[in-house]
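Please open the structure in the viewer and keep the selection panel at hand. The stops below are arranged as a tour.

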Amino acid sequence: MKVYHQTGFRHNWNIDSFQQHVGDGLIYSPINIDADKLLHLDVSVKQTGFLDPQLYLLNEAKGNLPTYPYFPGNIKPDYATPDLDTSHLQLAQLCVDFQLQNSFEYIVIPTRYYADNPTSYFLQSSDYFVLPFCDYLKEKGIQKKILLSVIVKGIMLTDDERRNEALNWITGHMCIDGVYLIFEDNFTSKQIKDFDFLLNALMFIKVLKDNGMEVHLGYNNTEAILYSIAMPDSVSIGSYENLRSFGIKRFQDLENGPMRGPRARLYSSQLFQWMDYQYIDAMSKLVEHYENYFDESEYRPLMFTPDYNWQFQKPEPYKHYFYVFNRQIKSLPVSQGDRMETIKAQIKKALSLFRTIEESVLLDEDSDGSHLPTWFNVINAFQKEVSK
Amino acid sequence: MSLRFEKYLKSNFGNTYLKEHPGLFGVPDFVFYAKQQKEISFISFELKLKDWKRAAKQAFRYKSFSNIAYVVIGISSANAAMNNIDHFRKYNIGLASFDSNSYFEILFKPEISEPYSENLKQKLVNTVARSRKKCRNIRILLG
């Protein structure tokens with residue numbers, strides 16, 4: 001299973017890590033990198049990755065998106081949905097050509113985002129994106145694999161009819177090799193603790209894999225470990241929270257008020273959790289051998305010096321996460337059965353470690369292990385489904 | 001509850017406090033400070049009408065920059081909190097009740113401890129260092 005860097009703000013951290021052999025490739029984010037700059041990046045950091053075209057809001061001129069030749073506003077000012085009728089072929093050609101120019105491993109077909117998908121959503125997506133992209137690639141004789149971007153909304157997981165409609169649509173395109181699959185996450189907690197959501201997400205991935213599709217998961221947080229038991233082809237690692245959980249706000253050109261930076265956290269592979277650094281201070285006073293709860297990396301010695309200035313602009317906690325999480329994913333057993341058993345055993349161990357910590361340190365819901373019993377139950381339920 | 005408690009703090013212990021001070025670990029309703037010679041002690045308060053469990057988690061965070069952290073619970077929920085007094089003992093978090101007549105009762109007084117974070121403590125020290133305000137009756141809270 002591959003690990004891709006979900007890039008965004010401060011993508012240079014991801015590129016640095018990738019060049020130090022962390023991860024298998026990068027998913028590029030047009031809102032965060034100028035098109036010319038991307039074109040001039042060394043091919044070695046592009047040829048194993050792919051582009052997220054980010055036409056989710058079609059003509060929203062967020063960040064660097066307008067520097068991309070396929071950005072709809074560059075085709076026609078005030079571009080709107082009806083313009084797709086007349087220019088979808090041009091858009092597809094520009095988007096494919098740009099991806100080919102960059103020598104990415106995959107060609108990615110974009111998708112649109114709606115708060116509530118219209119009834120014609122799949123039909124429109126086929127007409128405006130899938131068919132023109134596939135036809136143009138066929139016409140050019142391009143042999144690269146094609147991924148279809150899909151945002152899975154909550155209702156597509158919970159409602160049988162919607163789920164089947166989505167799965168039928170995805171698997172109904174002969175020219176597609178796989179999906180760039182994004183589960184929309186509207187949870188307020190930092191970890192996903194919803195049993196039904198997680199089990200249905202696993203089942204969704206499983207159906208796609210059973211149908212011979214490549215499945216590349218975007219915008220993953222720690223639950224990537226859990227998703228791994230459905231045997232996707234890749235999961236993602238990202239620095240800031242908006243790269244580890246998909247929300248449309250990131251693509252909206254909003255008049256921003258003062259930004260509140262996230263609190264600095266440190267990921268622990270043994271705990272399957274990002275822990276607020278202030279709790280690490282408490283642990284250092286109250287928990288024996290507290291440092292053993294955190295992974296070794298080249299970044300750790302600096303972070304554990306007393307004067308280290310923990311804040312979200314610092315690269316070390318994020319590069320540490322890339323390194324540790326990539327290693328954690330790569331160490332999972334190859335066989336599905338072994339993988340499930342291994343993760344279950346690791347969750348049990350993590351729960352035991354949390355019990356020890358919480359003998360003296362009272363953790364809040366975003367730093368504790370409250371997601372883990374749900375994860376354990378989800379694995380058990382998925383195991384039953386797989387064995388049917 | 002907050003306004004009444006503020007009035008109570010002011011009239012019984014002095015106005016040496018910060019209200020909802022940002023930039024720490026959580027936002028305590030009040031951080032009371034007591035200057036004694038060169039030392040400054042910090043006592044944080046988390047006010048809650050109910051949900052002592054959530055309040056305790058918030059109060060624990062305040063131990064990063066306080067010598068003592070209290071959960072001040074509405075009188076109607078005080079029994080529920082008292083039934084779980086071991087939880088407060090375990091994490092060395094203070095528990096007090098406060099009623100509509102501004103009657104304040106300490107139900108569990110924790111041991112004074114050094115804040116877990118030197119940086120956050122220093123941040124607070126820098127904030128109040130120039131203050132000339134005087135506190136009183138501090139022993140009631142500190143023990």
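This is a predicted model: local features need pLDDT of at least 70, side-chain atom pairs count only at pLDDT 80 or more; totals for chains, interfaces and linings use all residues.

Residues are numbered from 1 along each chain as its sequence is written, while chains are lettered from A and ligands numbered from 1 in the order in which they are written.

**Domains of chain A**

Select residues 2–251 of chain A as domain 1 and residues 265–387 as domain 2; such bounds come from an automatic or database domain assignment. The C-alpha centres of these two domains of chain A are 28 Å apart. Their contact involves 25 residues of domain 1 and 30 residues of domain 2, two residues being in contact if their C-beta atoms, placed from the backbone, lie within 7 Å.

On the side of domain 1 that touches domain 2, colour helix H1 (11–19), helix H8 (195–210), helix H9 (224–227) and strand S8 (234–237) of chain A, each of which supplies at least two residues. Helices (H or I, at least four residues) and strands (E, at least two) are DSSP runs, numbered from the N terminus. H8(A) provides the largest share of this side, 5 residues. By class, the side of domain 1 that touches domain 2 holds 16 nonpolar, 7 polar and 2 charged residues; here Ala, Val, Leu, Ile, Met, Phe, Trp, Tyr, Cys and Pro count as nonpolar, Asp, Glu, Lys and Arg as charged, and the others, Gly among them, as polar.

**Helix H5**

Next, select residues 121–140 of chain A, which form helix H5. Where is the kink in H5(A) centred? A kink of about 35° is centred on Asp127(A), the bend at a residue being the angle between axes fitted to the seven residues ending there and the seven starting there.

Buried residues of H5(A) include Tyr128(A), Phe129(A), Phe133(A) and Leu137(A). A residue is buried if 20 or more other C-beta atoms lie within 10 Å of its own, exposed if 12 or fewer, and partly exposed in between, with C-beta atoms placed from the backbone. Helix H4 (84–101), strand S4 (106–109) and strand S5 (145–152) of chain A are among the elements that cover the buried residues of H5(A). Gly141(A) follows H5(A) and has a positive phi, near 70°.

**The largest nonpolar core**

Now display the largest nonpolar core, with 146 residues. Such a core is a set of buried Ala, Val, Leu, Ile, Met, Phe, Trp, Tyr and Cys residues joined through C-beta atoms within 7 Å. Among the residues with the most contacts inside this core are Val152(A), Leu202(A) and Val71(B). Both domain 1 and domain 2 of chain A give residues to this core, so it lies between them.

**Single residues**

Centre on Tyr299(A), in the loop between helix H10 (277–286) and helix H11 (300–303) of chain A. Tyr299(A) is buried, with 21 other C-beta atoms within 10 Å. Beyond residues up to four places away in sequence, Tyr299(A) touches Glu316(A), Lys319(A) and His320(A).

Finish at Ser103(A), in the loop between H4 and S4 of chain A. Ser103(A) has a positive phi of about 60° although it is not a glycine.

Terms used. The expected span of a helix is 1.5 Å times one less than its number of residues.
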